[in-house]
Amino acid sequence: MLVAMTTRHEITEQIVLARLAKGLSWQELADAIKKPVVWTTAALLGQHPIPAELGSVLVEMLGLDPSAVPVLAAVPMRGGLPTAVPTDPTIYRFYEAVQVYGGALKELIHEQFGDGIMSAINMSVDLQKKSHPSGDRVVVTFDGKFLPYDWVSAEG
């Protein structure tokens, strides 16, 4: 007999609904597993695997079925927005910022570090709210490891 499995996408929808229904903040969920709030939020939205022991804590807090734990622990399909150009206004502004400043950031990374990239695999991300006379500011910090290109010949 086949048992209906819940997909990662379905579990993500359950997480979002349960969090709202229970009045839990992303910060409260992060604090419960002692992980950064940006990482926890991204993981709960399907972008990182959540170790089973941490997944169990979150599943219990959210009142989800324990069968969600191994799905949360599996390596996810990362990235992939529903459209090539994001249509959500908040996400689009990041896209817009990369369009405007991406070339300059690339040039400055190469000038200051050499030929390479900033890792999104070995990275931390932080978001802060900063008061400002003209209105609150959003401060996003990407702290990624520099990875130099290492061109290796076929002979080794």
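Residues are termed buried when under 20% relative accessible area, exposed when over 50%, and partly exposed in between (1.4 Å probe, protein chains only). The structure is a predicted model, in which local features need pLDDT of at least 70 and side-chain atom pairs count only at pLDDT 80 or more, while totals for chains, interfaces and linings use all residues. Residues are numbered from 1 along each chain as its sequence is written, and side-chain values use heavy atoms, with hydrogens and water left out.

**Figure 1. Overall fold of the protein chain.** The protein chain contains six helices and two strands, where helices (H or I, at least four residues) and strands (E, at least two) are DSSP runs numbered from the N terminus. Their order along the sequence is α-α-α-α-α-α-β-β. The protein chain is more spread out than a compact globule, because its radius of gyration is 19 Å, well over the 15 Å that the globule rule gives for 156 residues. This radius is taken over C-alpha atoms, and the rule is 2.2 Å times the number of residues to the power 0.38. Along the principal axes, the C-alpha atoms fill a box of roughly 60 × 55 × 30 Å. Of the 156 residues, 19% count as buried.

Figure 2. A salt bridge requires a side-chain nitrogen of Lys or Arg within 4 Å of a carboxyl oxygen of Asp or Glu. In the pair shown here, the closest N and O atoms of R93 and E96 are 3.5 Å apart. Both residues belong to helix α6 (residues 89–113), with a separation of three residues, about one turn of the helix. R93 is partly exposed, at a relative accessible area of 48%; E96 is also partly exposed, at 32%.

**Figure 3. The salt bridge between K129 and D136.** The side chains of K129 and D136 meet at an N to O distance of 3.5 Å. K129 is classed as exposed, with 69% relative accessibility.

**Figure 4. Backbone of K34 in the loop between α2 and α3.** K34 lies in the loop that links α2 (26–33) and α3 (37–44). Although K34 is not a glycine, its phi is positive, at about 55°. The residue counts as exposed, with a relative accessibility of 75%.
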